[in-house]
Amino acid sequence: MRLIVTPADRRPWQVAVIYIVAILIALLLSTAFLALAGKDPIKVLTTMFGGAFGTKYGLSETLIRSVPLTLAGLGIALAARMQLWNVGAEGQLYMGAFAASGVALYLGKSLPGAALLPLMGLAAILAGGLWGLLPGMARAFWSTNETITTLLLNYVAINWVNYLVYGPWKDPGGMGFPLSAIFAKAAWLPTLWGRVHAGLIVAILIAVLLYLLLGRTRWGYEIKVVGDSPRAARYAGISITRNILLVMFGAGALAGLAGMMEVSGLIHRLQPGLSPGYGYTAIIVAYLARRHPLAVLPVAFLFGGLQAGGYSVQTMGVPLATAYMIQGAILFTVLGAELFTRNRVRLAGSKVAREGGLA
């Protein structure tokens, strides 16, 4: 008896079933880990998901966290469409937060919200886009591995923000805490209900726009061709260099906009640790969504719930790292499920292995 792997063209519902099974396996592994740690796994998971989705407050916290995850995830998905591995969304988010904060701090008292908020968004897009463009230029002109350069630039951006809030932008009236002065009210995003701000609508609209851009335009087709076969793209006269630069700028711009949403919609000031790893979690979001812009929305909502629920279980003495452990388990099982989404796996001679099955 031997294992036979053959290529398969799965239907969308089959792929969905495979991923659901993979997530259930991840939850099963998580319950085993919690049980070994001496915790009641059913109680922990019930508290986690109840705290994320079971109350109005929990749902609002989930939606709040899904906004930066959606925007950063869209940026990563955009780059991945062209087989570019952008792991720098965290730094791009920080640079967007820095640029938006600079506009709010220096112009917040002289401009109305109708002018100030778009200007903050534009500054965040440009700063995040530039932070994505730098490794894009290295990749386009010198074939430098963008995985390494985007990762290293994360630390530069985070420490730049730390320098500002510990130094030039530190609030003199902040009682010694490393925080900038609070923004003028004109620099605050309007709220929808509770703490949920208008960034949620922006994130949904951008996801739809990116879907149309990638699926219905010539540029979207060029990105797909370059990602699938650079040689065919060159033969067709498509500029690979231009598309690398545009895609990496766009990826950084979306993550930078996520930073603006955080400081304008929630924190209303610049501070260290403004992101609990949104840029890194967004990598999981983008790949679970299979780089599809619309699929990023529900996946970001799920992971926003995991983060929000992680804070709920801390009251039970369970560390926040439990939520990140579950995220990691989901990532590994879904990556393993890729084998079954692209191939048909069966045991030769086995009666239970049937051609066309989901094994």
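Colleague: Which element gives the most to the lining of the second largest pocket?

Modeller: Helix 1 does, with five residues. A helix here is a DSSP run of H or I, at least four residues, numbered from the N terminus. This is a predicted model, in which local features need pLDDT of at least 70, side-chain atom pairs count only at pLDDT 80 or more, and totals for chains, interfaces and linings use all residues. Residues are numbered from 1 along each chain, and side-chain values use heavy atoms, leaving out hydrogens and water.

Colleague: How do I read a pocket, and how much space lies in the second largest pocket?

Modeller: On a 1 Å grid over the protein atoms alone, a pocket is an open set of points where a 1.4 Å probe fits, with protein on both sides within 12 Å along at least five of seven lines; lining residues have an atom within 4 Å of a point. In this case the space is about 270 Å³. Of its 14 lining residues, Tyr19, Leu288, Ala289, Ala295 and Val299 are the closest to the centre. Helix 1 (12–36) and helix 12 (293–312) each give two or more residues to this lining.

Colleague: What classes of residue line the second largest pocket?

Modeller: Ala, Val, Leu, Ile, Met, Phe, Trp, Tyr, Cys and Pro count as nonpolar, Asp, Glu, Lys and Arg as charged, and the others as polar. This lining has twelve nonpolar, one polar and one charged residues.

Colleague: Which residues are closest to the centre of the largest pocket?

Modeller: Start with the space, about 430 Å³. Fifteen residues line this pocket, and the closest to its centre are Gln83, Arg290, Arg291, Glu338 and Arg342. Helix 8 (218–228), helix 11 (278–288) and helix 13 (321–342) each give two or more residues to the lining. Helix 13 has the largest share, five residues. By class, the largest pocket's lining has six nonpolar, two polar and seven charged residues.

Colleague: Which residues of helix 8 are buried?

Modeller: Buried means under 20% relative accessible area, with a 1.4 Å probe and protein chains only. In helix 8 these are Gly220, Glu222, Ile223, Val225, Val226 and Gly227.

Colleague: How many residues does the largest nonpolar core have?

Modeller: A nonpolar core is a set of buried Ala, Val, Leu, Ile, Met, Phe, Trp, Tyr and Cys residues joined through side-chain atoms within 4.5 Å. The largest has 91 residues; Leu71, Met120, Met260, Leu270, Leu274, Phe303 and Ile330 touch the most other members. Helix 10 gives the largest share, 13 residues. Another core lies apart from it, with seven residues, among them Ala72, Ala77, Ala282 and Ala286.

Definitions and conventions:
Grid points are joined across faces, edges and corners, and a volume is the space filled by probe spheres set on the points. Buried means under 20% relative accessible area, exposed over 50%, partly exposed in between (1.4 Å probe, protein chains only).
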